Amino acid sequence: MRFGILQRYPNLRRLSERVSAYSALCRPFTLLGAFISGFSLDLLFSRLQYGGFNLVHAILLGLTLSALQAGGQSLNQAIAEEVAIDKINGKTYRPTVDGR
């Protein structure tokens, strides 16, 4: 089974309608990359600077970067010009903030 924005994230349908819509708007697979980047870079640099790992700090940094990525994805679809560019590029399947 394939997953992604084209298949409308089938596992998210079980959630409430608002949570499902927000999750699709944020494009969950892009959030995973932001989390992994923040988590691994924090572990690397904390090891270099302090000589040890701070796992809680690494997880919090990964979640923070994921939240910022989600906000950026939402803001990207809130701008009318970006929605028009998506239509020109044939990406009409992408959700928008106003529900179109």
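Visitor: Is His 57 buried, partly exposed or exposed?
Guide: Welcome! This is a predicted model, and His 57 has a relative accessible area of 42%. Buried would need a value under 20% and exposed one over 50%. The 42% of His 57 lies in between, so this residue counts as partly exposed.

Visitor: Which helix holds His 57, and what distance separates its C-alpha from that of Asp 42?
Guide: The place of His 57 is in helix α3. Along the chain, His 57 and Asp 42 are 15 residues apart.

Visitor: What span is expected for helix α3?
Guide: Helix α3 covers residues 55-78, which is 24 residues. From its first C-alpha to its last it reaches 35 Å.

Visitor: Which residues of α3 are buried?
Guide: Here we look for residues with under 20% relative accessible area. In α3 the buried residues are Ala 58, Gly 62, Ser 66, Ala 70, Gln 73, Ser 74 and Gln 77.

Visitor: How are the rings of Phe 35 and Phe 39 arranged: stacked, tilted or edge-to-face?
Guide: Both residues lie in helix α2, four residues apart, about one turn of the helix. Residues three or four places apart in an α-helix point the same way, because there are 3.6 residues a turn. The ring centres of Phe 35 and Phe 39 are 5.8 Å apart, with 15° between the planes. Planes under 30 degrees apart count as stacked, so the arrangement of Phe 35 and Phe 39 is stacked.

Notes. Residues numbered from 1 in each chain as written. Predicted model: local features only at pLDDT ≥ 70, side-chain atom pairs only at ≥ 80, totals over all residues. Heavy atoms only, no water. Helix = DSSP H or I, 4+ residues; strand = E, 2+ residues; numbered from the N terminus. Expected span 1.5 Å × (residues − 1). Buried < 20%, exposed > 50% of the residue type's maximum accessible area, 1.4 Å probe, protein only. Phe/Tyr/Trp six-rings, centres within 6.5 Å; stacked < 30°, edge-to-face > 60°.
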